[in-house]
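This report describes parts of one protein model for a reader who has not seen it before. The sequence and the structure come next, followed by the description.

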Amino acid sequence: MDAAILLLAAVAALAAVGALVVAARLARRVEGLPEAVAGDREAHHRAVLTDLASGLADSADRLASRQSEEGDRLRRAVGDELARNREQLQAFERALQEKVDARLAEIGGKVNERLDEGFRRTNETFVSVMTRLQTIDDAQKKIDLLTTNVVSLHNLLGSKSSRGAFGERQLEDIVKNVLPEAAFEFQYQFPTEGNVRADCVLKLPPPTGLVAIDSKFPLENYERMTADATDKEARTTFKYDVRRHVDAIAEKYIIPGVTSDGAVMFVPAESVFAEIHAHHRDLVEHAMARRVWIVSPTTLMAILNTARAVLKDVETRKQIHIIKDELGKLGKDFGRFDERMRKLADHIRQAHEDAGQVQISSRKISERFAAIERAELPGGDTAPAIGPEAAAAPEPGPPQLSVVPKPD
């Protein structure tokens, strides 16, 4: 559009220039009119008018032709410019469309990637949630099972007979895992009046003898005491129960001439054992005074290991004379072995010397055969000389080996 305007301005400028040229010519003609009128005014006036009309016609023709050419040129320039603008606009539209399509495709790809990533993360989150729900479900089942077991254990320990069976079972497992069968006996009945029966006795060597173990323990008042720390009555009752149980064990299971001078009170619950030793020192001192040892599963293991060591030492002492006898026999056998080894060495040395003599004889025989092959017979100058020792020495016989006597 700017080029078309410029072309129009140029055409207008050319038209103005043409008008100025015509005006200048007319002015020159007008200036020369007085002189022409002075000579031949009428003829000159006609000539001037004729020339003026002819110049105006020529100028008009030229202006019309020039205007037509400029108009054609302007139309062509405007048409070319419009065509170029149209092509550039179409190219710009195509480029813009391509960029828009590429950008939309890129945005669509990123949107798809983010959607896929979102779907993947959502799926992983869902799977994780399902896994955790399954884990929670399994844990809930285990908790339910544990709750059932705890309730069963509580029911088991609810009565004294049940607690006694539980303590006896635990005591039996511990003792069987540590001591040999000959060193203990369960439900042992003492050979006394009253049919006194112990949950377990340890059969230790003299002077210890039989050691009785009782596996019952007080629990009700202990639970009351732990449930309410301010309940002084429960604490007093708990101490009374333990003291009475210690006295009962001392009276029933410490029998002069039958058992050792002490007995064991087995407490299957570590918490009860810890409570007694931590906060009731007077109960421990009372039990020690009555020769009753309060033990838990852990401390019972230590006592049983000590008993096993004592049993092992006693058995070793019983077998020490047998060990001495066996060592004596082993010493005699070694003496015989040493004597026979010495004889075998002598035989081997003698066989080596005999083998050396046989080698000497073999060499002499070989030399004699060689001399015979060379026709160097005895009496000749080249006969091999045999020393007097060799001539006088008898030919050694085969080696004599002694027979080694059979071992005892």
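His280 sits in the loop that links helix α5 (270-279) to helix α6 (281-289). Helices here are DSSP runs of H or I with at least four residues, strands are runs of E with at least two, and both are numbered from the N terminus. The model is a predicted one, in which local features need pLDDT of at least 70 and side-chain atom pairs count only at pLDDT 80 or more, while totals for chains, interfaces and linings use all residues. Residues are numbered from 1 along each chain as its sequence is written, and side-chain values use heavy atoms, with hydrogens and water left out.

**Around His280**

Is His280 buried or exposed? His280 counts as buried because its relative accessibility is 1%. Buried means under 20% relative accessible area, exposed means over 50%, and partly exposed lies in between, with a 1.4 Å probe and protein chains only. The side chain of His280 makes a polar contact with the side chain of Glu275, at 3.2 Å. A polar contact is a pair of N or O atoms within 3.5 Å; within protein, one must be able to donate a hydrogen and the other to accept it, and residues adjacent in sequence count only if both atoms are side-chain atoms. When neighbours within four places in sequence are set aside, His280 is in contact with Met225, Arg235, Phe238, Lys239 and Glu275. Contact means heavy atoms within 4.5 Å.

Val272 belongs to helix α5. Val272 counts as buried because its relative accessibility is 1%. Its C-alpha atom is 9.5 Å from that of Glu223, a residue 49 places away along the chain.

**The sheet**

Strands of a sheet pair through backbone hydrogen bonds, either parallel or antiparallel. Here, 5 strands form an open sheet in the order β1-β2-β3-β4-β5, with mixed pairing. The edge strands are β1 (184-189) and β5, each of which pairs on one side only. From one strand to the next, the twist averages 30°. Two strands count as paired if DSSP finds at least two bridges between them. The table lists the pairs.

| Strands | Sense | Bridges |
|---|---|---|
| β1 and β2 | antiparallel | 5 bridges |
| β2 (197-203) and β3 | antiparallel | 4 bridges |
| β3 (210-214) and β4 | parallel | 2 bridges |
| β4 and β5 (292-295) | parallel | 4 bridges |

Phe184 has Leu202 in β2 as its bridge partner, and Val201 stands opposite Ala212 in β3. The hairpin of β2 and β3 has 6 residues between the strands, and there Gly209 takes a positive phi near 80°. Ile213 stands opposite Val264 in β4, while the bridge partner of Asp214 in β4 is Met265. Val264 also stands opposite Trp293 in β5.

Two of the strands can be described by their covering. In β3, 5 of its 5 residues are buried. Leu210, Ala212 and Asp214 point one way from β3, and Val211 and Ile213 point the other way. Strand β4 (residues 263-266) is covered on both faces: Ala263 and Met265 are buried on one side, and Val264 and Phe266 on the other.

**The helices**

Helix α4 (residues 232-253) lies across β2, β3, β4 and β5 and runs at about 145° to β4. Axes are lines fitted to C-alpha atoms, for helices over the stretch in contact, and angles run from 0 to 180 degrees between N-to-C directions.

Two packed helices are described by the angle between their axes and the distance between the axes. For α4 and α6, the angle is about 10° and the axes are 10 Å apart. The two helices are therefore roughly parallel to each other. Angles under 35 degrees count as roughly parallel, over 145 as roughly antiparallel, 65 to 115 as roughly perpendicular and the rest as oblique. Lys239, Val242, Arg243, Val246 and Asp247 of α4 make the contact with Asp282, Leu283, His286 and Ala287 of α6.

The axes of α5 and α6 come within 5 Å and cross at roughly 95°, which makes α5 roughly perpendicular to α6. In this contact, Ile276, His277 and His279 of α5 meet Arg281, Leu283 and Val284 of α6.
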